[in-house]
Amino acid sequence: MKTIRTVSELGIELANARQSGKKIAFVPTMGAIHAGHLSLIEIAKKQSGFVVASIFVNPLQFNSASDFDRYPRNEAADTAALESAGADVLFLPSVEEIYPNGKVNTRSAGPIGDLYEGQARKEHFDGMLTVVARLFEIVSPDVAVFGAKDAQQLFLIRRMLQQEKNSDWGSKLQLVEGPTIRESTGLALSSRNQRLSTSEMQVALSLSEALDKAHKCAASGEGISSALGEAMKVFSSNPEAKLDYLALVNPESFEALEDGFKGQALMIVAAEVGNVRLIDNRLITF
Ligand code: AMP
């Protein structure tokens with residue numbers, strides 16, 4: 001695996017790969033690589049002959065300087081993990097490479113970008129779309145692989161791609177979704193889990209437990225408000241997990257669902273455990 005830090009060097013590497021007939025699959029990350037990220041590399045490898053992973057902790061998508069500073073960074077371990085998973089290139093750009101001379105072509109996530117994750121983290125999704133569009137422009141991949149773990153992010157990227165159908169990078173790009181990888185306990189893997197103590201790990205199970213309760217409730221024929229009520233009970237009996245939002249939305253539109261809905265709903269949840277913000281989601285059939 002080659003580690004590349006500049007856009008120009010990456011351009012040469014990508015041109016060589018394309019010349020030898022390879023398709024490019026791209027897995028963007030913010031580092032602190034775990035098995036969830038590595039599962040996306042596996043998916044990318046199945047899709048194409050040349051896998052580019054990137055690590056870039058994007059300052060634009062953090063609304064708090066301390067959250068940005070505390071975000072875990074470990075270049076040596078990340079490089080080793082991505083290499084052993086079979087990535088061909090690790091792109092590790094500086095902020096200057098991504099936003100040269102501070103020039104930023106800002107993307108807007110629109111009204112859905114202000115809901116749920118976006119309500120707690122102002123401008124987070126504008127920053128996320130801005131960097132994803134910039135990375136797509138640089139890499140121009142055939143395939144990009146994202147995790148279902150970040151459901152609202154994936155929804156907004158999918159929508160941006162529909163709007164970019166006629167752009168240089170948007171016309172050929174295929175988006176592939178990887179399932180959420182979990183600990184055996186049910187806790188969704190996240191770079192932020194590193195900051196949880198052993199007892200906080202237990203408290204953090206509230207998120208997946210709530211999703212589980214809602215799923216069981218729906219499977220027994222109950223409706224939207226009963227499923228939400230059951231999931232909510234998990235948080236009222238575990239006040240150490242500070243619930244931010246819990247909602248059932250239409251996965252196609254991210255609009256909140258009401259009783260009477262039949263079909264696939266997406267339950268999304270966010271809570272703070274200690275000072276760590278955690279999110280999770282699950283598709284539930286009503
Ligand atoms: P991040 O480094 O957190 O920005 O995540 C990079 C990519 O990994 C995104 O597409 C995430 O959705 C995905 N990802 C994060 N956690 C998981 C997980 N537990 N399972 C699968 N994919 C994940």
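1. In which strand is Thr29 found? Thr29 belongs to strand S2, residues 24-29. Helices (H or I, at least four residues) and strands (E, at least two) are DSSP runs, numbered from the N terminus.

2. A word on the source. This is a predicted model, in which local features need pLDDT of at least 70 and side-chain atom pairs count only at pLDDT 80 or more, while totals for chains, interfaces and linings use all residues. Residues are numbered from 1 along each chain as its sequence is written, and side-chain values use heavy atoms, with hydrogens and water left out.

3. Thr29 has a relative accessible area of 8%, so Thr29 is buried. Buried means under 20% relative accessible area, exposed over 50%, and partly exposed in between (1.4 Å probe, protein chains only). Leaving aside neighbours within four places in sequence, Thr29 is in contact (heavy atoms within 4.5 Å) with His37, Ser54, Ile55 and Phe56. The side chain of Thr29 also reaches the backbone nitrogen of Gly31, at 3.0 Å.

4. The ligand sits in the largest cavity. A cavity is a set of points, on a 1 Å grid over the protein atoms alone, where a 1.4 Å probe fits but cannot get out. A molecule sits in a cavity if more than half of its atoms lie within 2 Å of its grid points.

5. Around the ligand there are 17 residues, of which Met30, Gly147, Asp150, Ile181 and Leu189 come nearest. A residue is near a molecule if one of its heavy atoms lies within 4 Å of it. S2, helix H2 (35-47) and strand S5 (143-147) each supply at least two residues of this shell. The largest share, three residues, comes from H2.

6. An oxygen atom of the ligand lies 2.7 Å from an N or O atom in the side chain of Asp150. A ligand nitrogen atom is 2.9 Å from a polar backbone atom of Ile181, and a ligand nitrogen atom is 2.8 Å from a polar backbone atom of Leu189. On its own the ligand has 490 Å² of accessible area (Shrake-Rupley method, 1.4 Å probe), and the protein covers 93% of that.

7. Most residues other than glycine have a negative phi. Asn101 has a positive phi, near 55 degrees, and Phe254 has a positive phi, near 65 degrees. Asn101 is in the loop between helix H5 (95-98) and helix H6 (117-120), and counts as exposed at 74% relative accessibility. Phe254 is in the loop between strand S7 (241-249) and strand S8 (264-273), and counts as buried at 3%.

Key: A polar contact is a pair of N or O atoms within 3.5 Å; within protein, one must be able to donate a hydrogen and the other to accept it, and residues adjacent in sequence count only if both atoms are side-chain atoms. On a 1 Å grid over the protein atoms alone, a cavity is a set of points where a 1.4 Å probe fits but cannot get out, and a pocket is an open set with protein on both sides within 12 Å along at least five of seven lines; lining residues have an atom within 4 Å of a point.
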